[in-house]
Amino acid sequence: MQEGTLTSKHRSLGDHSIKTQTVMRSLYYYTLNPDDNFPENAIRCGEHRDWGTITFLIQDMIGGLEVKTTDGQWISAVPIENAILLNSEQLMEYWTGGHFRAALHRVKIITEGREAHNPRQSLVYFISPDGDANIFPVVPTLPEKEVYFRKFNNRPVNAYDHFQRQLEASTQY
Ligand SMILES: O=C(O)CCC(=O)C(=O)O
Ligand SMILES: [Fe+2]
């Protein structure tokens, strides 16, 4: 990626008059009733890939966040004190021709052990390109990503349109 490519599409980080979907979210997962019987693998946040460029995620020590590996296994993103977890998002993945993979992730309910049924707090900072940014791979696409990227029709993806499409696909009411 040529120097300045990322900053040229994230002018909004320094200029708040520029529209963007960059947002910080505080997620509080409330205490669970231990008398409730949750099914195996019950989830608190369904599996998804984040939509924009890069995510900074801070979580408490409760646990439950899981990431899917390339061979299809869910592995725990074990909480590490004072750590910030970095996650590549969908537009970053497209931008880098699939080299920076946007991993599927989810938050599972912890039903056993010391942290079972406890509330959980995470703080998530989603950086998105400026709304008017058009994103296109800067290097050749990885062959294994070609089918997945067909949804983008081999065209630049406008960041605002992408956000709206994802919102529509994930919101029912
Ligand atoms: O709460 C978490 O740890 C993850 C939340 C998440 O993945 C999201 O809001 O996109
Ligand atoms: Fe996420």
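Which side chain meets that of arginine 11 in a salt bridge?

1. The partner is aspartate 132, with an N to O distance of 3.4 Å; a salt bridge here is a side-chain nitrogen of Lys or Arg within 4 Å of a carboxyl oxygen of Asp or Glu. Because aspartate 132 lies in the loop between strand S8 (120-127) and strand S9 (134-135), and arginine 11 in the loop between helix H1 (5-8) and strand S1 (23-29), the pair ties together parts that are 121 residues apart in sequence. Helices (H or I, at least four residues) and strands (E, at least two) are DSSP runs, numbered from the N terminus.

2. On the basis of the coordinates, this is a predicted model, in which local features need pLDDT of at least 70 and side-chain atom pairs count only at pLDDT 80 or more, while totals for chains, interfaces and linings use all residues. Residues are numbered from 1 along each chain as its sequence is written, chains are lettered from A and ligands numbered from 1 in the order in which they are written, and side-chain values use heavy atoms, with hydrogens and water left out.

3. The count of salt bridges comes to 6. One of them joins glutamate 66 to lysine 108, whose closest N and O atoms are 3.5 Å apart; since glutamate 66 lies in strand S4 and lysine 108 in strand S7, the pair ties together parts that are 42 residues apart in sequence. Glutamate 66 counts as buried at 9% relative accessibility, whereas lysine 108 is partly exposed at 22% (buried means under 20% relative accessible area, exposed over 50%, partly exposed in between, with a 1.4 Å probe and protein chains only).

4. Strands S4 (residues 65-68) and S7 (residues 105-108) run antiparallel and are joined by 3 bridges, two strands being paired if DSSP finds at least two bridges between them. Valine 67 has histidine 105 as its bridge partner in S7. S4 is also joined to S5 by 3 bridges, again antiparallel, and in their hairpin, which has 5 residues between the strands, glycine 72 takes a positive phi near 85°.
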